[in-house]
Amino acid sequence: MTTELVRPQPDHSGPDAGDVLTLDDLAVHFGGIKAVDGITLGLARGRISGILGPNGSGKSTLLGAITRLTPLTRGTLRFEGRDYSRVRPEAVARLGIGRTFQTVRLLEDLTVRENVQLGHDLIAGARPWWRRPGKADRETADAAVATALERTGLAGKEALRPGQLSYGLQRRVEIARAIVMSPKLLLLDEPTAGMNRFEREEIGELMADLRAEGLTQLIVEHDVQMMVDVCDHLFAMNSGRLIASGTPSDVVRDPAVREAYLGRQDNDDRDS
Ligand SMILES: Nc1ncnc2c1ncn2[C@@H]1O[C@H](COP(=O)(O)OP(=O)(O)OP(=O)(O)O)[C@@H](O)[C@H]1O
Ligand SMILES: [Mg+2]
């Protein structure tokens with residue numbers, strides 16, 4: 001744990017030299033709304049970290065800030081030790097950060113394969129402008145797309161359009177589109193919202209498989225039991241601030257977390 005850094009709020013997190021991503025005093029304000037208000041944390045390499053927090057506590061805004069889609073009010077973003085606080089959003093995927101969105105964002109006129117291919121093309125765009133994609137590039141792309149579809153359980157569904165898939169499978173297409181870029185960090189914003197228990201477990205298993213391959217992940221979810229089952233580390237947010245950080249069992253027992261979040265859940269005691 002780094003101790004020499006002076007932190008503006010109680011250190012719940014302790015960014016570590018081995019962390020893939022570190023946030024230092026990150027803030028995103030929308031006028032008077034302090035959606036993210038001074039977050040300092042680090043994501044351990046190869047681990048699944050989760051963020052709990054009530055509606056409107058700033059979780060999605062934080063993911064937006066990490067991917068540079070949402071401008072920062074202040075603070076620093078570091079990926080693999082490199083300050084990327086000012087890079088353009090398009091460059092973030094090439095750094096090795098992939099994401100899925102809280103609401104499914106797939107192109108309805110494209111097939112499953114083509115939607116996933118888009119993720120690959122984003123990275124392939126790093127090729128010099130004068131070098132047109134050749135046969136070898138296309139073969140590499142096809143293989144990467146096939147692997148991503150296979151890993152997300154979508155093999156055989158390549159030719160379908162998103163509208164022909166269940167909601168759970170559409171979510172998987174989004175995950176495939178993110179992992180086809182071979183990210184080093186995957187951000188998942190409520191990937192199991194609207195899914196049944198069985199589909200949620202499947203997503204949890206997929207995340208564990210990706211972790212086994214070394215992928216660092218950050219997930220936002222309201223399903224406390226799933227978060228405890230899936231995550232190695234939990235953060236809790238309230239009103240744009242970090243109110244807890246630690247092992248899942250410690251965080252869900254934390255009085256401040258229960259007060260802010262769990263206490264409002266009907267199934268509070270059974271779920272935690
Ligand atoms: N583009 C925006 N402009 C103005 N206010 C915004 C914007 N995006 C988010 N907010 C506000 O910032 C706060 C945090 O919103 P955010 O979507 O990050 O919360 P969340 O924790 O993801 O909530 P949920 O669990 O409902 O998804 C809310 O008060 C929200 O209304
Ligand atoms: Mg959200």
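Biologist: What does the accessible surface of the protein come to, and what share belongs to carbon and sulfur atoms?
Modeller: In this predicted model, the accessible surface comes to about 12900 Å², and carbon and sulfur atoms hold 50% of that area.

Biologist: And how many of the residues count as buried, as a percentage?
Modeller: The protein has 272 residues, of which 49% fall in the buried class.

Biologist: What about the fold, how many helices and strands are there?
Modeller: There are 10 helices and 10 strands in the protein, and among contacts with a separation of 6 or more, 67% are between residues 24 or more positions apart.

Biologist: Switching to ligand 1, which residues are the closest?
Modeller: The surrounding set counts 14 residues, with Gly56, Lys59, Thr61, Gln102 and His222 as the closest.

Biologist: Where do the oxygen atoms of ligand 1 lie relative to Lys59, Gly56 and Ser60?
Modeller: A polar side-chain atom of Lys59 is 2.7 Å from a ligand oxygen, while for Gly56 a backbone N or O atom is 2.8 Å from an oxygen of ligand 1, and for Ser60 a side-chain N or O atom lies 2.9 Å from a ligand oxygen.

Biologist: How much of ligand 1 does the protein bury?
Modeller: The protein buries 62% of the 630 Å² that ligand 1 exposes when taken alone.

Note on methods: Residues numbered from 1 in each chain as written. Chains lettered and ligands numbered in written order. Predicted model: local features only at pLDDT ≥ 70, side-chain atom pairs only at ≥ 80, totals over all residues. Heavy atoms only, no water. Near = heavy atom within 4 Å. Polar contact = N/O pair within 3.5 Å; in protein donor to acceptor, adjacent residues only side chain to side chain. Areas by Shrake-Rupley, 256 points an atom, 1.4 Å probe, with all protein chains shown as cover. Helix = DSSP H or I, 4+ residues; strand = E, 2+ residues; numbered from the N terminus. Buried < 20%, exposed > 50% of the residue type's maximum accessible area, 1.4 Å probe, protein only. Contact = heavy atoms within 4.5 Å.
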